[in-house]
Amino acid sequence: MISYRCMLIMFMLFIPTQVVVAKKGEINVGPIIQQERSHATIRVLTYNIHHGEGMDGKVDLSRIASVMKRLKPDIIALQEVDRYVPRSGNVDQAAELAELMGMHVAFGKAISLAGGEYGVATLSRYPILSSKTTLLPMARGGEQRVLLTSQIAPARDIPPITFTGTHLEVDPKSIQAAQVDVIMELYGTSDPYILAGDLNATPNSNTIKTLRSKWVDATAEITDWTNEEDGKIDYVMYGARESWHLASTRILKEDVASDHRPVLAVLEWRGNGSEK
């Protein structure tokens, strides 16, 4: 006779895999079946934080951090970050958000602003081995844009990653194209490579088509807007396409904390030459 304990174990072995349903305000794209993974995953988030100022006019970094925590990111590309600027309370926003998130931080200055600095930042749950800020081409009288590229060492079975966060120019598109050329020239052979940020380009633009010729667009299935005025302009892309598997992509429909929505891509590392 089979004991009650044995019957219970057999029942548990045949419980169907649980399907995760998105919480209110989230859009899930791609496979979202929650199961035991045999490969390491990395959760990459891009978020234009509008110097912490929400649509209600309040500057609130704790609110920004709360939004990001909901998505449990491992690496974050932040845009429109202030550093010691009066409008946002004369604080180092990158450092403060890193402390709130419990993450490592790197900041890339784009311009001087009101006695402080303004640019992009990278937060990482993993150690940041090094960081480099690269000035991008700009139009006469335009705003300087930069690449912040970091070498990040995951704690699990993933090799060091070259991670670039950026915020590209809006117009003219010829300048945006020149900026893309620089990214591809510098990092087109980096492996593994992740590019994330506000690219100020919609999915059918020449900018995105050019980038997709080299890297995989993790957000390709997302059709909803990430900025209400401009449409879908925030992206995560990755190189080493034979080594990554895109597990899922997600937008968080949070429309108060910033004028952009955060975008998350969950990447599963399978290693060079492994089966997909």
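This is a predicted model: local features need pLDDT of at least 70, side-chain atom pairs count only at pLDDT 80 or more; totals for chains, interfaces and linings use all residues.
Colleague: How many bridges join strand E8 (residues 161–167) to strand E9 (residues 193–198)?

Modeller: Start with the terms. Strands (E, at least two residues) and helices (H or I, at least four) are DSSP runs, numbered from the N terminus. Two strands pair if DSSP finds at least two bridges between them. Here, E8 and E9 run parallel and share six bridges. Residues are numbered from 1 along each chain as its sequence is written, and side-chain values use heavy atoms, leaving out hydrogens and water.

Colleague: What order do the strands of the open sheet have?

Modeller: Read E6-E7-E8-E9-E11-E10, six strands with mixed pairing. Strand E6 (128–135) and strand E10 (216–217) each have a single partner strand, so one side of each lacks a neighbour in the sheet.

Colleague: Which helix packs on the sheet?

Modeller: Look for contacts, meaning heavy atoms within 4.5 Å. Helix H4 (residues 173–187) touches E6, strand E7 (146–152), E8 and E9. For angles, axes are lines fitted to C-alpha atoms, for helices over the stretch in contact, and N-to-C directions give 0 to 180 degrees. H4 makes about 25 degrees with E7.

Colleague: In what sense does E11 pair with E9, and in what sense with E10?

Modeller: E9 and E11 are antiparallel, over five bridges. Gly197 has Tyr235 of E11 as its bridge partner. E10 and E11 are antiparallel too, over two bridges. There, Asp217 partners Met237 of E11.

Colleague: Are the faces of E11 covered or uncovered?

Modeller: Buried means under 20% relative accessible area, exposed over 50%, partly exposed in between (1.4 Å probe, protein chains only). In strand E11 (residues 234–238), five of five residues are buried. Asp234, Val236 and Tyr238 lie on one side, with Tyr235 and Met237 on the other. Both faces are covered.

Colleague: Why does His51 count as buried?

Modeller: His51 counts as buried because its relative accessibility is 7%. It sits in the loop between strand E2 (40–48) and helix H2 (61–69). Leaving aside residues up to four places away in sequence, His51 touches Val59, Glu80, Asp82, Arg87, Ser88 and Gln93.

Colleague: What is the chain's average pLDDT?

Modeller: pLDDT is the predictor's confidence in each residue, from 0 to 100. The chain averages 87, and 84% of the residues score at least 70. Over residues 1–37 the pLDDT is below 50. Beyond near neighbours in sequence, that stretch has 37 contacts in the model.
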